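Here are my notes on how the two chains sit together. Have a look at the model first, then read on.

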Protein chains: 2
Amino acid sequence: MAETAREEVLKQSLIFSSLNDRELAELTRFTIERHFKPEEFIFWEGDTADYFYIIIEGRIKVIKYSSSGKGFIIAFFGVGEMFGEVAVFEDKSYPASAQTVVDTRILGIKKEHFLSFLGNHPPVALSIISVLGGRLRDAQSRLKDMVGERVEQRLARTMLMLASKMGPTLPFTRQELADMSGTTTESAIRVTSRLKERGIIKTVRGKITILDETKLTLLSEGPPLI
Amino acid sequence: MAETAREEVLKQSLIFSSLNDRELAELTRFTIERHFKPEEFIFWEGDTADYFYIIIEGRIKVIKYSSSGKGFIIAFFGVGEMFGEVAVFEDKSYPASAQTVVDTRILGIKKEHFLSFLGNHPPVALSIISVLGGRLRDAQSRLKDMVGERVEQRLARTMLMLASKMGPTLPFTRQELADMSGTTTESAIRVTSRLKERGIIKTVRGKITILDETKLTLLSEGPPLI
DNA sequence: CGCCTATTTGAAAACCGTCAAAGTATGTGG
DNA sequence: CCACATACTTTGACGGTTTTCAAATAGGCG
């Protein structure tokens, strides 16, 4: 029962969709399941990277802390997505910390097991390349967005990026939005307030809904809202 | 002769080191060679991504332009390194532009050829995963560095990152350094002038040499130079 | 020697972060 | 069901950092 559930999740995740039932069963044997409460840390930056993970249920965020202690949210991941993979493929410690957002169940696969499995299943390796390529593209795109732009534009771009992945309603607090955009909570609030007045977004506690994506896009590349 | 040279370069590049001579010869048949003068563009952001490239000789930079026209240098690549790969593995257009720095020769491999070759050579796929993983790690690390830090720290980190890849002497102008750090030429000059006064770096026109890496590291994570 | 590019410097203004204080949902325990 | 605790949101004022604009100097190459 639990096993079946695991296989179901693996099958539906992007990177393992090419596997048949026998191969999935083989892979499943290598997995261990772990459960976390909200806000718990799965691993910390610098920890030895033994496992690579797939989310069965819940949502996690990947964070890097600067020397001043301020956190920067690199990414959010949901069901079927992998995380902790960069370290595993490079034989280094985790380059960032992973923290749950809600109750979360994950599947872990030991590094060695996964690497040998990969060597025997080229389609999976190609999927991983594709996923890593997409993430690299995202990271580089954000890199460009985060420098040399005003806070208003950075926030607009972060919201648009999130909306393209999860729809117009974004389940984030202003603080999380700020941490994803490299700014402060107060600045995020000031900007979103202005956007709300203009009818470009709608906000509820802990949620932001984009009403006018066109205007938001204009704003993200154009002059500031006066 | 030319063929042999190509195979030599491929053999020495990180991602193809696992191949034997027969496989290298097979791969070489798929390659075309192109030559560029300094400052020429190999491809532009948005171009259809048909080819993936390896550098035989010279150096290139990968740039993304923001809406205001300001360029941000994502990376520099040298002999044996690949570029243009993200787009190829994702079936999209190039996400950034590639421009030569000096006279440069490159090998191009058609997307379809390369993908099918990859499917038949798992070790190469694993190498690519490793390279992409490293680049992803770098990009995410820079992402953290670029936000929430002062310009002085951003510049220090950029210089240290470059030095770790190419030694203490960095062949870049202040403007390039600024473009890599998300700041302006003037700010880069003001900061490097202070560093020069302190004996931490030495500068010549178009070049910066790091003299005291320890102090620079301290500066990159600590308080500002007063 | 002259041109082009890189480097330098100064002053003013814009932008954003910090600090402080208060208002407002959400949930919990009594 | 109410009171209270907690976290999220809001607003204002101030100060520091960085950009912008303008102008001048200097190094390298033909």
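The points below go through the pairing of the chains in this predicted model.

1. How much area is buried between chain A and chain B? About 3800 Å², with 72% of that coming from carbon and sulfur atoms. Three residues stand out on the chain A side: A:Ile129, A:Arg137 and A:Leu143 account for 18% of what chain A buries against chain B, more than any other three residues.

2. As for residue counts, chain A puts 43 residues into the contact and chain B puts in 42.

3. On the charged side, there are 2 salt bridges between chain A and chain B. One pairs the side chains of A:Arg137 and B:Glu90, at 3.3 Å from N to O. A:Arg137 is also among the three residues named above for buried area. Polar contact across the interface comes to 2 residue pairs, both at pLDDT 80 or more.

4. Which elements of chain A touch chain B? Those supplying at least two residues each are β4 (60-65), β5 (71-77), α3 (85-90), α4 (111-120) and α5 (122-146). The most comes from α5(A), with 19 residues. By type, the residues on this side of chain A split into 19 nonpolar, 12 polar and 12 charged.

Note on methods: Residues numbered from 1 in each chain as written. Chains lettered and ligands numbered in written order. Predicted model: local features only at pLDDT ≥ 70, side-chain atom pairs only at ≥ 80, totals over all residues. Heavy atoms only, no water. Contact = heavy atoms within 4.5 Å. Buried area = accessible area lost by both parts, 1.4 Å probe. Salt bridge = Lys/Arg side-chain N within 4 Å of Asp/Glu carboxyl O. Polar contact = N/O pair within 3.5 Å; in protein donor to acceptor, adjacent residues only side chain to side chain. Helix = DSSP H or I, 4+ residues; strand = E, 2+ residues; numbered from the N terminus. Nonpolar A, V, L, I, M, F, W, Y, C, P; charged D, E, K, R; others polar.
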